Amino acid sequence: MRNDGGTSHGHGTLRRRLTRKVLPALAAGGITVAGLSGLSAAAGAAEPGHAAVDVQDRAAGTTARSVADVRQGAAGTEFPTWGTGWVVHAEADAGSAAVGTLNKTAPGADRITADYQVDTGRKLCEGSACSTYMAHLTAPVEGFLSVVAVDIPQDSLPGVPVKGGETPPQQPGGTRAEALQRAATWLTANNGAQVPYSQTDFWTDGYRQDCSGYVSMALDLGAPGPNTVGLTSPEITTPIAVADLRPGDLLIDADGDSNTRHVVMFEKWDDEAHTSYTAYEQRGGHGTDHRSLTYGLNDTVFTPYRPLKYTD
């Protein structure tokens, strides 16, 4: 776990593939989800999971993830699913009537084709995998399915249009200095101490208390902020070279799962040789930090990104 910054990703480290398992059906939060394996509702809550780096990563279990043989066609985009007993609903509401069931006999036996998705604003979870999105299926059953059932690392379907309830991914404008000033506020926001790290809690400003929630706060993106993968969206950032890093830029590891994903905000180089840099970071086991780092300098795991919103 990268919970204290002491463990690097390292060269030659084999990333563990995410896995999931089917859990007994249950109902939570007043939403009936009979037949939807282990799905629970947690409105407005952040995704639980490992207390190390980031949230909104898929759950661990026994069925190996294929991680997305995604296909695009005229009728929509096709995705793999996982597990068994996924209920397809008549409306974009997990409490609406069931119109069919996927993967009745074998995990991943069904693929779905989706033409759009809806952000319902109500979070559904299976283990540590959560999503507020429901996809509109055109096959194999027409109706709405929680994105939690789809075998992808994201909490929404990549490349599929969103209809209704979409939170703007970015607020326009802002300077680098303003972003760094906001980042610094969490160093003392907790009655003079740093904001503690959490994948399940929100700070008083509405942002998640993990690394991507913290960076989203610093960038003044809409609370609770996108996850680490979301921060690499071309609507929010663009990749740059390490040599081009400027104050307020980001270094992001968007691969793997909640044990490995991470993001920090670059402030300045520590020396003329660029052997290390000072950055703002929200890290497990500590909380908000402002310290010297080398992420991305001696490895290819972290990629530098430039937020598009900066006006300077």
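A search of the whole structure turns up one disulfide, counting as such a pair of cysteine sulfur atoms within 2.5 Å. Before I go on, the ground rules. This is a predicted model, where local features need pLDDT of at least 70 and side-chain atom pairs count only at pLDDT 80 or more, while totals for chains, interfaces and linings use all residues. Residues are numbered from 1 along each chain as its sequence is written, and side-chain values use heavy atoms, with hydrogens and water left out.

Back to the disulfide. Cys125 and Cys130 form it, with their sulfur atoms 2.0 Å apart. Which hand does the disulfide have? The torsion about the S-S bond of Cys125 and Cys130 is about 110°, so the disulfide is right-handed. Both cysteines, Cys125 and Cys130, are buried. Buried here means under 20% relative accessible area, with exposed over 50% and partly exposed in between, using a 1.4 Å probe and protein chains only.

Now the overall build. The protein has two helices and 16 strands. These are DSSP runs numbered from the N terminus: helices are H or I with at least four residues, strands are E with at least two. Buried residues make up 50% of the 312 residues.

On to the helix pair. H1 covers residues 176-185 and H2 covers residues 211-219; their axes come within 7 Å and cross at roughly 135°. Axes are lines fitted to C-alpha atoms, for helices over the stretch in contact, and angles run from 0 to 180 degrees between N-to-C directions. H1 and H2 are therefore oblique to each other. For the classes, under 35 degrees is roughly parallel, over 145 roughly antiparallel, 65 to 115 roughly perpendicular, and the rest oblique.

Who makes the contact? From H1, Ala179, Arg182, Ala183, Ala184 and Thr185; from H2, Tyr214, Met217, Ala218 and Leu219. Contact means heavy atoms within 4.5 Å.

Just after H2, Asp220 takes a positive phi of about 60°.
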